[in-house]
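I opened this notebook to record, entry by entry, what I looked up in the structure. The entries follow the order in which I consulted each part.

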Amino acid sequence: MNLRVSNYFKRSKKIKIFVNNESLEAYEGECLALVLYINNIKNLRLSPKNKDGRGMFCLMGSCQECVVLIDEMKVTSCNVFIKEGMNIKIGDLDEL
Amino acid sequence: MNYKIKYDVIVIGAGPSGVSAAINCAQKGLQVLIVDISHNTGGQIYRAPPKSYKHISEKKLQENKTQEYLSREIKKNNIFTAYNHTVWQVSPGFKVDAFNDISTIQWHAKNIIVATGTYEKIIPFDGWTNPGIIGLAACTVMLKSHHFIPSQKIILAGNGPLLLLVAYYIIEFGGEVEAIIDTSSKFDWIKSTVSLISNPKNFKDGIKWLTKILFNKVPIYSNSMIAKATQHNEYIKVKIQNINTGKQESLVTGTLAVGHGLIPSTDITRLLGAKHIYNESKGGWIAEIDDYLRSSLDGLYVTGDGAGISGAIAAKDKGLIASLALLYDEKIIKEKEFKIKTKKIFKRLYKYELFAKAIAKLNSTPPQLLNNIKDETILCRCEDITKKDILEAIDNGAKDLNQLKSWTRFGMGPCQGRTCQYSVAKVVAEELKCNVEDIGYLTGRSPIRPVPLDRAIGEFDYNEITKIEAAPL
């Protein structure tokens, strides 16, 4: 099933991003947290003490759960619009 | 964009309330800057779609149309905008620090209008931290702004109108709602209709949503909650429990979305040390405000849902009230104009408040929801703090939220307690047999959002650093 709704908007061009070096196709300018979520990449990072998986939760920049690494910087993926060739690291962010 | 450094007014938050306040101030000749983390106006309720999306026809969602209107009004009134800026500190005086992709910037303003809205209240349950489980409000943003369906099948749980709104859009966009799990009873909803009619536009929307849900025969579990959720590779197993009978049933789904109402954002007013009061039906702790939305600090106004939940339509009017108070305090409008204009708006607001009270009732937190929190359930997601950790600290003598924060690290993580403070306070009050207002609220601390250190420092030359002479030995 196509989880992208196209009743109202046309997406921009198809691009490739890299998640832990694996390529993933999506459309330029889409929200990173959502591109990962609908591709079933839901486990984005590990909690600091128990090392339990965490992922997108509030989608409005409040909870900080969807943090990933882009160019060595920790960023909330819900506030990132993807660009061609973007390199994203997920997992145990303190070990990467 | 080239910013000025000084403004008469800085409005923080470009949702319906912030925009309405900003326009009103600008139209009276004040220099206004509006700041928002997002790339455009709209706030969460009318969040703008990504810039890369192009309309395929004139057919638009009402929410997207409203957002475009807000942006046009901002442009028309020559209001300075700082989109894509996250405010991480506000200090007395007032100084506002914000960062974007590249650097940090500080603006000064004589007056601040805080229009930072709300975040979602989600009462913890076993397994709520599993990736894949998201907020109901997150779903609204995903659907209405980003035009994605979270997964083929989805279960919605919690209470209040968001359950209906999210279900409506999922069906409208071709997805399947497997079940709606509502802590309220059908009777609660019927009771509320008397008050809900006071806001005909929202009431009509509600009927539209419900009709679609009933037509699509979505199973509705009333008086029910999520007892537990477990994550398996491609799906989530959800244990549903009737809060009256205790009867349980299990379902599997792709996405579980949960939400129990909204909590006013008080980050900035707490940081500035304004007085706060507790009001459960307005969403919990809110800045203490007078009828005209003035806080306890001179030049600091609070508007929109952040001043107590009353919804997006009321938010616009609250923006007008706060800005009229500011214009009057600044001696830009006379008392007569101030009184006449605000009186008219109060009449409308009174009706919206009736509506808001009915919604607040539907969003009230039943005790069973709190009793469902197990000792091992994580309360503070950032720091992995369980209910047991909190209870142990209380056993050791902690008596208020700030003590508990120092002892356990709850609320000390990157979210600064936004996600957990409400639930932790309820758990603590229950344990200490006192009211939530007796245990205080978390003292505001900077930064209110994580700020990358290199951007906080900014770019500078070595000779720009103020060198302090060594103290004499």
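**Entry on backbone angles.** I began with A:D71, which is found in the loop between strand 6 and strand 7 of chain A; helices (H or I, at least four residues) and strands (E, at least two) are DSSP runs, numbered from the N terminus. I noted that A:D71 has a positive phi of about 50° although it is not a glycine. A:D71 is exposed, at a relative accessible area of 62%; buried means under 20% relative accessible area, exposed over 50%, and partly exposed in between, with a 1.4 Å probe and protein chains only.

The model is predicted: local features need pLDDT of at least 70, side-chain atom pairs count only at pLDDT 80 or more, and totals for chains, interfaces and linings use all residues. Residues are numbered from 1 along each chain as its sequence is written, chains are lettered from A and ligands numbered from 1 in the order in which they are written, and side-chain values use heavy atoms, with hydrogens and water left out.

I then turned to B:D384, whose phi is near 55°, a positive value in a residue other than glycine. B:D384 sits in the loop between strand 21 (378-380) and strand 22 (385-386) of chain B. Is B:D384 buried or exposed? I found B:D384 buried, with a relative accessible area of 1%.

**Entry on cis peptide bonds.** I recorded a cis peptide bond from B:G93 to B:F94, with omega near -10°. B:F94 belongs to the loop between strand 5 (86-91) and strand 6 (95-99) of chain B. Another cis peptide bond joins B:S446 and B:P447, where omega is about 0°. I located B:P447 in the loop between helix 13 and helix 14 (453-457) of chain B.

**Entry on cysteines.** How many disulfides does the structure hold over all chains? I found 0 disulfides, a disulfide being a pair of cysteine sulfur atoms within 2.5 Å. The sulfur of A:C63 is 3.8 Å from the closest cysteine sulfur, in A:C58, and this is too far for a bond. A:C63 is buried, with a relative accessible area of 4%. B:C434 is likewise in no disulfide, as the nearest cysteine sulfur, that of B:C420, is 17 Å away. B:C434 is partly exposed, at 26% relative accessible area.

**Entry on the contact between the chains.** The contact takes 43 residues from chain A and 60 residues from chain B, where contact means heavy atoms within 4.5 Å. The area buried between the two chains is about 4500 Å², of which carbon and sulfur atoms give 59%; buried area is the accessible area (1.4 Å probe) that two parts lose on being put together, summed over both. Which residues of chain A lose the most area to chain B? I listed A:Y8, A:F9 and A:F57, which together make up 20% of what that side buries.

**Entry on B:S185.** I placed B:S185 in the loop between strand 11 (176-182) and helix 5 (186-196) of chain B. At 14% relative accessibility, B:S185 counts as buried. Leaving aside neighbours within four places in sequence, B:S185 is in contact with B:S222 and B:N223.
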